[in-house]
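Subject: Structure handover

Hello,

Here is the structure we discussed. My notes on what was found follow below it.

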Amino acid sequence: LEAVAVSDINAFIDVQPELTLAQADEADARLAAARQGGERVGPLLGVPMAHKDAFVTRGWRSTAGSKMLADYYSPFDATVVRKVREAGAVCVGKLNCDEFAMGSGNENSYFGPVKNPWDRTRVPGGSSGGSAAAVAAGLVPLTTGTDTGGSVRQPAAMCGVTGIKPTYGRVSRYGMIAFASSLDQAGVFARSAADCAQLLAAMAGFDERDATSLPVLPEDLAAVPAMSWAGEGSAPLGGLRVGVPAEFLNDSVTPGVRHAVQEALKRFEALGATLVPVSLPHTELAIPAYYVIAPAEASSNLARYDGVRYGHRSEDASDLKSLYMNSRAEGFGAEVKRRIMIGTFVLSHGYYDAYYRKAQQLRRMIADDFARVFGEVDVIAGPVTPETAWPIGQQKDDPVRNYLADIFTLPASLAGLPGVSLPCGFDGGLPVGLQLVGPALSEARLLTIGHVYQ
Ligand code: GLN
């Protein structure tokens, strides 16, 4: 990969060098004190990293990639931001993303598209496009992201880096700018599964400020870099049962992606794993289910941007109603408006049963598919995306095409399950990702397998 300057790929929305230097000084002081006391320091002390601009931060702007929050400074840090800082990592800035994390190519950002470091005419994936591109370009070794329907796994795949979306509830959502609250989950990007584990270990854990956060300790994650797969025999992945769902290698997958994924599966076999053909029959229904549930929740979450409490306020208002209407009309981009309209429609009286309730029923069927398959296998493997990174602009005005490309990441999101994206080769010079999905709370298992594989 060619050397990349920060400005080349538009990965950052905000940098504040003096804040970064202050954190670096703090890390230096902590290191010096630990040395003097003969104490060991944590693995993140002094390590540079950056946050997706969907986490609120004190000092840096917190925009969610939107004009609505373009000049917004949060009075508090998200729990993720606080914990990573307490672990001693040094934040170098805020990373570009699709507006309110809605998108698959980072083209819905008010701050312009991010360029894929492997081919700057192409998208990096989304919505955490800046997070994936910054790691791929070597600008920072670790970044955070958020994944509601694939926004960590998909850009990781398209930029050739490792990314993980944990089990819903493993990481606190406090201070994560809300998109679809029953699906939103924080995740991480790094060059390797072992590095992902270290950042995730610092972020995970119960938070009394998030009623959906789970009371699970992060020790298993911290141990990943020293772990091996404790299976049968002497093979590195001996006894590992890898389910390969027929629905994940369907006709939408391009030949190049299919080839790279099949080569990766062969490598799993060579490492001692057994491939087991399985079926997740409701996979296709994940698209209609997600694109009803996520907009429904988004329309509710985004009601808070009224031009009064915070965010963009229209200059052109004559009364309260026009203040609301014009602030929202000016502050939100096209994709966000589209989802607010879909969401309010599917939640409205008379349509709720036909759309929202039906979508919730599909969600249950998709979760049941996974539960059944995890009776037989340890993890599920397949592609992250049907195709590699597309040219910037190509899908900009084709939202449905964008939605369809989410087919392999949405099922795990709807079921609340963890998924990791591992680089598994190239197709025409563009990275391809292998997705592993595991049962609830199997992040350490997924990352250990990734670590052995890498
Ligand atoms: N591409 C999906 C969407 O547009 C997922 C986004 C995400 O995970 N935040 O909603």
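Both sides of strand β5 (residues 162-165) are covered: Thr162 and Ile164 are buried on one face, Gly163 and Lys165 on the other. Buried here means that 20 or more other C-beta atoms, placed from the backbone, lie within 10 Å of the residue's own. Strands are DSSP runs of E of at least two residues, and helices runs of H or I of at least four, numbered from the N terminus.

This is a predicted model: local features need pLDDT of at least 70, side-chain atom pairs count only at pLDDT 80 or more, and totals for chains, interfaces and linings use all residues. Residues are numbered from 1 along each chain as its sequence is written.

Pairing requires at least two DSSP bridges between the strands.

The whole sheet is open and mixed, with eleven strands in the order β1-β3-β2-β4-β6-β5-β10-β11-β9-β7-β8. β1 (12-14) and β8 (274-278) are the edges; each has a single partner strand, so one side of each lacks a neighbour in the sheet. Further in, β2 (residues 48-52) and β4 (residues 142-147) pair in parallel over two bridges, with Ala50 opposite Thr143.

Regards

Notes: Buried ≥ 20, exposed ≤ 12 C-beta atoms within 10 Å, placed from the backbone.
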